[in-house]
Structures are given as C-alpha cells and as structure tokens.
Amino acid sequence: MKFLHLSDLHLVTPGAALHGMDPRAGLRRVVAHIRAHHADAALAVITGDLTHAGEPEGYAAAREILAGLPMPCHITLGNHDSRPAFRAAFPEVAVDAAGFVQQAFAMPEGLGLLLDTHEPGRAEGRLCPARLSWLEAALRGGSGPVFLFLHHPPFRVGLGRMDDIRLREGAGELENILWRHRARLRHLFIGHLHRAVAGSWRGLPFTGVRGTNHQIALDFVTQGVAPVSFEAPGYGVVLASEAGVVVHFEEPTAG
Ligand SMILES: [Fe+2]
C-alpha cells in the first residue's frame, strides 16, 4: 500500500504573500511532483492548516490546486483553519455527528482515522469528550490495522513554541484510548511542526512532514515564537505492508 502525507499548506488570499512567498507556488510544486513521481499512490491525507487564517479565498485556492491530485484526498483541520469556512468550501468532506472534521476511511490495507484537533481561537490543539468518544467508537470492535492522522502532536518534540501549542487538552485521554487499542495501531501521522520528523510516542511510531510554504527552524533554544525557515516544501511517501511502515520524505526543489 502506498499513500501520501501532506500538511500545512497555509494558503492565503491569492495575490498576498506569506513570509515573502506565494503559498500557491509551493503547493503547485508539490502537486506537480506528485503527478510526476507518485501518481500511483492510493490516496493522500492532509493533516491540517490548509489556510493561514481561515480565508475563504485560501480554501478556494486549495480546492483548485488539490483538484490536480490524481488520487482521493482526505483532509482534517489545523489551528490555522476555520471549520465553517472549510466546510463551506469542501461540503463533500465527511464530518462526524457533531460537525468535527474527522472521519474513518477505508485504505487498501487497513483503516485511516482522521482526528480534528482544531479549537477556534486557540493555537494549541484540543480533543473534547465528543471527539474522543468518536475515536473510541471508531476503534472499538474492529481488528485490522489502523493509521491515525491529526494536526497537533500530543507530545513535546523539543521546539519551544511548538511544544507550547501541542495537543494540550485531551492528550492524556487520547493516550489512554490509543494504549487500549495499541494492537491495531500501526502509525501516527502529525502536522503542525512544518518539519520532517520521526520517532515514537509510548511505543507508537510517528512521522511529521514539512509544510508546502514555509518551515519551522530546527532551533532548540528560541522560546515563545516559532522561527520560520525557508527550506523547500515537502511531503511524505508512505509504503505500508504487513511487515511494517516506511516513510520517505520528498522535498521537491524549484524548477
Ligand atoms: Fe501550520
């Protein structure tokens, strides 16, 4: 099974710049690279921050550019999103009974679960009881492999500001749920960090990917702000089988 992991598109109103760049350009570069090299992937997952500030025009741009992906695309939200604006622009995307942008979807070899950690007005993530109950129900009863996707990491990664705005509320409950269902869980995919990163959390392997516009510097000293860096856009290429999960990191350069 081959699938793709994208995150943190940060699209703005067309014509505006973000950190001196047009976010549409990075996303177009990534989509073109996928079309050239990974068009055979079964699906793509985007772990949030489609826009920088919930701009309706940003979602319209996302919709237009992502239409170039030759595979189905599954999306959840990040802290920079707006749930109402996203749902207006992507009315076909499944939501749970409470309107959170989280869904279970069939993968060629297993089940994908998207969690919505967006909380309006907050940079840090939250999983309220309703969202956690949805996860528990989605995991209960089945037996096949599960791949979990969410924007905010539920743990510290050593980057000051990003640790401050990790998944704060509901992280302990999430940990308990995942521990109970650990036999099914294969991998955790996170956004938010704008960095290629890999490791394990309580024994569960995870990876995160670069954004498609700007990145966050690997800076273990600065506190209070997330220093932006201008490394190339990136995305993950995932190969999964009964033997395990391998994540490759593509970083397409311009031109
Ligand atoms: Fe982001």
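The protein donors are Asp8 (OD), His10 (NE2), Asp49 (OD) and His194 (NE2), at 2.0 to 2.2 Å from the iron ion. Donors are N, O and S atoms within 2.8 Å of the metal (3.2 Å for Na, K and Ca), and as water is not among the atoms, sites may look incomplete. Asp8, in the loop between strand S1 (2-6) and helix H1 (23-37), and Asp49, in the loop between strand S2 (43-47) and helix H2 (56-66), link distant parts of the chain, 41 residues apart. Helices (H or I, at least four residues) and strands (E, at least two) are DSSP runs, numbered from the N terminus.

This is a predicted model: local features need pLDDT of at least 70, side-chain atom pairs count only at pLDDT 80 or more, and totals for chains, interfaces and linings use all residues. Residues are numbered from 1 along each chain as its sequence is written, and side-chain values use heavy atoms, without hydrogens and water.

Both Asp8 and Asp49 are buried, meaning under 20% relative accessible area (1.4 Å probe, protein chains only), with exposed over 50% and partly exposed in between. His38, in the loop between H1 and S2, counts as buried because its relative accessibility is 10%.
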